[in-house]
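Trainee: I would like to go through the side-chain contacts and the surface of this chain. Where should we begin?

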Amino acid sequence: MKQPNKNGRCQQDGGRRSIGLRTKLFFCFLGFSLFAVAVLWVFQMLFFDKFYYALTKKRMESVSSFIARSTAYADFDQEMESLARRNAFCIRVYTVEGNAAKTLASVDSEIGCVIHLLSNRQLNELFDDTLKDGGRRVAEYRLMEEDFRFALELDEAAPPPGAQLVDERLVYASLETSPSGERLFVLLDCALTPIDATVIVLREQLSVITLLLVAVSLLLAFFLARNISDPLATLNRAAKGLSNGTYPENYHEDRYREVEELSETLSTAACELSKVDRLQKELIANISHDLRTPLTMIIGYAEVMRDIEGENTPENVQVIIDEATRLSSMVQDLVEISRYQNTKARINPAFFSLTASLSSLAEEYAALCAPKGYTVLSEVAEELFVLADQKRILQVMRNLIDNAVNYSGEDKTVILRLIKKDRVGRVEIEDHGGGIAEEDLPYIWDRYYKVEKPHIRGVVGSGLGLSIVRANLELHAAVYGVESELSRGSVFWFELPLVDPPALEAAPGEPEEAE
Ligand code: ADP
């Protein structure tokens with residue numbers, strides 16, 4: 001979290017900023033598309049021939065074994081025709097018996113197949129080489145033209161002068177066995193020239209694709225980056241307002257989920273900050289009003305007592321004492337709440353009698369409030385023990401009783417009740433005053449919250465009492481709440497788990513202040 005500097009300001013450090021989201025996304029997209037294009041180029045340029053050879057060889061291999069199997073078919077010749085057409089291969093199949101070979105099938109898919117031009121010597125050599133290579137061989141031949149056409153293997157002697165190269169061909173030779181056990185010599189032949197034509201076309205296409213890809217990726221990067229960064233920039237501008245103390249009601253950005261959530265979070269933060277800001281302003285106004293009134297009274301009465309003879313009466317002294325006590329309790333509240341804000345409050349649990357504590361408070365308040373016409377009743381059942389921080393629980397009960405007295409109705413009656421419910425003790429503080437409106441109920445536990453009321457001296461407090469109650473009860477993980485109805489009064493309550501009396505004997509002890 002950002003800490004204020006030594007002047008107490010939470011300023012931005014004006015150091016070097018990293019590059020914006022828009023530029024970053026823009027370069028990422030551009031980089032990615034250039035990489036994709038580069039990969040395409042490398043594969044097309046460097047490995048295309050290798051891929052073509054590998055794939056054609058694989059296809060020839062499977063066609064060759066298929067041919068061997070289909071010798072058993074009745075429509076063998078038709079099968080050969082369609083195979084040749086489908087694959088753009090020339091096919092020649094021999095049956096081999098000893099040194100004799102007999103043509104079983106001979107099909108052309110195009111003019112210029114070299115397998116039909118091979119001389120007996122070349123055929124014998126190819127057969128021997130195939131045998132040597134384990135029954136499969138791939139060879140490249142040149143189709144030459146002089147007065148007539150002839151085939152030359154690539155690594156054979158140079159072509160005779162005057163002969164022209166017509167085409168380059170790939171020949172696949174294999175030795176197979178037919179289902180009837182005959183020995184077959186299968187020759188397949190296809191052109192190498194289409195490869196070059198294809199490569200040229202592909203390269204042309206690739207240039208167009210590259211241009212298209214770069215253009216599209218630039219456009220995409222631009223729009224996407226704008227779509228992502230614009231709402232963020234808007235939210236950032238609006239959020240800057242928070243530090244200046246302007247709390248816009250609604251940040252609304254719904255272009256995508258994350259930004260929608262961020263705008264909701266900012267709206268909530270702005271709402272909470274404006275609430276705290278308003279409450280703090282109200283608190284300062286109220287506190288300064290509440291501090292000024294007793295101070296004026298104290299000064300006024302003290303001056304009268306000093307200047308006018310016979311005014312130094314016990315009643316006047318009592319007014320000064322009462323007003324000073326009021327001041328002291330307000331300051332105490334403020335000290336208490338700042339302690340919760342600044343330190344990690346802990347509780348110091350000990351066994352004590354909830355019944356005895358409530359009864360003694362009832363007696364104390366009855367005696368204190370009787371002169372002002374208040375009745376404080378106590379409805380306490382059997383003796384109930386709890387394991388809790390006695391000081392804090394007493395403070396909770398005092399704050400609740402103070403409120404009940406302050407806000408009590410015309411009957412000026414406050415009832416303190418202790419009820420046993422299974423394994424918990426429930427403390428209730430009841431008054432029959434004006435009650436609290438339903439819409440105010442969720443907020444009364446908030447710090448500085450005061451229900452809007454005409455400012456009645458002696459009744460309106462600092463708005464901290466219930467937040468101190470809440471902090472104390474939450475430290476005990478206690479359940480608490482209020483039931484209130486306008487013009488009928490309120491019942492504030494909390495519950496603490498009970499402990500058995502024998503446990504009390506085992507671990508008695510005076511609670512100590514936990515700071
Ligand atoms: P305060 O010092 O103003 O009493 P609290 O935090 O104790 O502050 O209470 C918050 C607000 O809850 C009060 O301003 C008051 O309007 C309301 N309130 C608390 N207790 C009662 C009660 N017993 N009857 C009616 N209203 C109450």
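Mentor: Begin with a cut-off: a residue is buried under 20% relative accessible area, exposed over 50% and partly exposed in between. Keep in mind that this is a predicted model.

Trainee: Is Tyr94 buried or exposed, and at what relative accessible area?

Mentor: The cut-off for buried is under 20%. Tyr94 falls in that class, because its relative accessible area is 8%.

Trainee: How many aromatic pairs does the structure hold, and what class is the pair of Tyr94 and Phe185?

Mentor: The structure holds five aromatic pairs. In the one formed by Tyr94 and Phe185, the ring centres are 6.2 Å apart and the planes meet at 25°. Planes under 30 degrees apart count as stacked, so the class of this pair is stacked.

Trainee: How many residues apart are Tyr94 and Phe185 in the chain?

Mentor: Tyr94 belongs to strand E1 (residues 90-97) and Phe185 to strand E6 (residues 183-191). Phe185 is also buried, at 3% relative accessibility. The pair links distant parts of the chain, and the separation is 91 residues.

Trainee: What class is the pair of Phe148 and Phe150?

Mentor: Their centres lie 5.9 Å from each other, with 55° between the planes. Stacked needs under 30 degrees and edge-to-face over 60. The pair is therefore in the remaining class, which is tilted.

Trainee: Which ring does the charged end of Arg426 sit over?

Mentor: A charge counts as over a ring if it is within 6 Å of the ring centre and within 35 degrees of the ring normal. For Arg426 the distance to the centre is 4.3 Å, and the ring is that of Trp493.

Trainee: Which helix gives the most to the nonpolar patch on the surface?

Mentor: The patch includes Phe32, Val42 and Phe51, and its residues together have about 790 Å² of accessible area. Val42 is in helix H1 and is partly exposed at 37% relative accessibility. With six residues, the main contributor is helix H1.

Trainee: How far apart are the end C-alpha atoms of helix H2?

Mentor: Helix H2 covers residues 48-70, and its buried residues include Phe48, Met60 and Ile67. Its 23 residues should span 33 Å at 1.5 Å a residue. The model agrees with that, because the end C-alpha atoms are separated by 32 Å.

Conventions
Residues are numbered from 1 along each chain as its sequence is written. This is a predicted model: local features need pLDDT of at least 70, side-chain atom pairs count only at pLDDT 80 or more; totals for chains, interfaces and linings use all residues. Side-chain values use heavy atoms; hydrogens and water are left out. Rings of Phe, Tyr and Trp (its six-membered ring) pair if their centres lie within 6.5 Å; planes under 30 degrees apart count as stacked, over 60 as edge-to-face and the rest as tilted. Helices (H or I, at least four residues) and strands (E, at least two) are DSSP runs, numbered from the N terminus. Buried means under 20% relative accessible area, exposed over 50%, partly exposed in between (1.4 Å probe, protein chains only). Patches are made of residues with over 30% relative accessible area and no salt bridge: like charges are joined within 9 Å, nonpolar side chains (Val, Leu, Ile, Met, Phe, Trp, Tyr) within 5 Å. Accessible areas come from the Shrake-Rupley method with a 1.4 Å probe; for residues, only the protein chains shown count as cover. A salt bridge is a side-chain nitrogen of Lys or Arg within 4 Å of a carboxyl oxygen of Asp or Glu. The expected span of a helix is 1.5 Å times one less than its number of residues.
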